[in-house]
Amino acid sequence: MKALLSSKPVLWFLFLFNLAVAAVAPFAVDGAQGLVTSAGMGVVAVGAGVGLLQGRARQAQQ
């Protein structure tokens, strides 16, 4: 499972999809639930982005 989640296509999907949801959630869902959804999806997007950058740094070292 870890190999699947750390693959480049999956990380790109997680990054882009969660970033889009984080941007739209406050407008689609009213109140605190929209803000919490946006924050949670933003955290996942940042995590996927960090995973992409770490993979890029590993390739540069080799």
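Helices are taken here as DSSP runs of H or I that span at least four residues, numbered from the N terminus. In this predicted model, helix 1 covers residues 2-5, helix 2 covers residues 8-28 and helix 3 covers residues 32-61. Phe13 and Phe17 both belong to helix 2, where a spacing of 4 residues separates them by about one helical turn.

Trp12 and Phe15 are both part of helix 2 and stand 3 residues apart, which is about one turn of the helix. Trp12 has a relative accessibility of 42% and is therefore partly exposed, and Phe15, with a relative accessible area of 23%, is likewise partly exposed. The rings of Phe13 and Phe17 also pair, their centres being 5.5 Å apart and their planes at 10°, so this pair is stacked; the cut-off that applies is that planes under 30 degrees apart count as stacked. With regard to solvent accessibility, Phe13 has a relative accessible area of 52% and is exposed, whereas Phe17, at 44%, is partly exposed; these assignments follow because exposed means over 50% relative accessible area and buried under 20%, with partly exposed in between.

The packing of the helices was then considered. Two packed helices are described by the angle between their axes and by the distance between the axes. For helix 2 and helix 3, the angle is about 155° and the axes are 8 Å apart. Helix 2 and helix 3 are therefore roughly antiparallel to each other, since angles over 145 degrees are placed in that class. The crossing in which helix 2 passes helix 3 is left-handed, and the residues of this contact divide into 15 nonpolar, 8 polar and 1 charged.

Asn18 and Val44 are 26 residues apart along the chain, and their C-alpha atoms are separated by 6.6 Å. In helix 3, the position of Ser38 is also buried, because its relative accessibility is 17%. Under the exclusion of residues up to four places away in sequence, the contacts of Ser38 are Ala22, Ala25 and Pro26.

Ser6, in the loop between helix 1 and helix 2, is partly exposed at 48% relative accessibility, and its C-alpha atom is separated by 14 Å from that of Val46, which is 40 residues apart from Ser6 along the chain. Pro9, found in helix 2, is exposed, with a relative accessible area of 62%; Pro9 and Val46 are 37 residues apart in sequence and 16 Å apart in space, C-alpha to C-alpha. Gln61, which lies in helix 3, counts as exposed at 70% relative accessibility, and the C-alpha atoms of Gln61 and Gly51, 10 residues apart along the chain, are separated by 16 Å.

Note on methods. Residues numbered from 1 in each chain as written. Predicted model: local features only at pLDDT ≥ 70, side-chain atom pairs only at ≥ 80, totals over all residues. Heavy atoms only, no water. Helix = DSSP H or I, 4+ residues; strand = E, 2+ residues; numbered from the N terminus. Buried < 20%, exposed > 50% of the residue type's maximum accessible area, 1.4 Å probe, protein only. Phe/Tyr/Trp six-rings, centres within 6.5 Å; stacked < 30°, edge-to-face > 60°. Axes fitted to C-alpha atoms, helices over the stretch in contact; angles between N-to-C directions. Parallel < 35°, antiparallel > 145°, perpendicular 65-115°, else oblique. Left-handed = near helix turned anticlockwise from the far one by under 90°. Nonpolar A, V, L, I, M, F, W, Y, C, P; charged D, E, K, R; others polar. Contact = heavy atoms within 4.5 Å.
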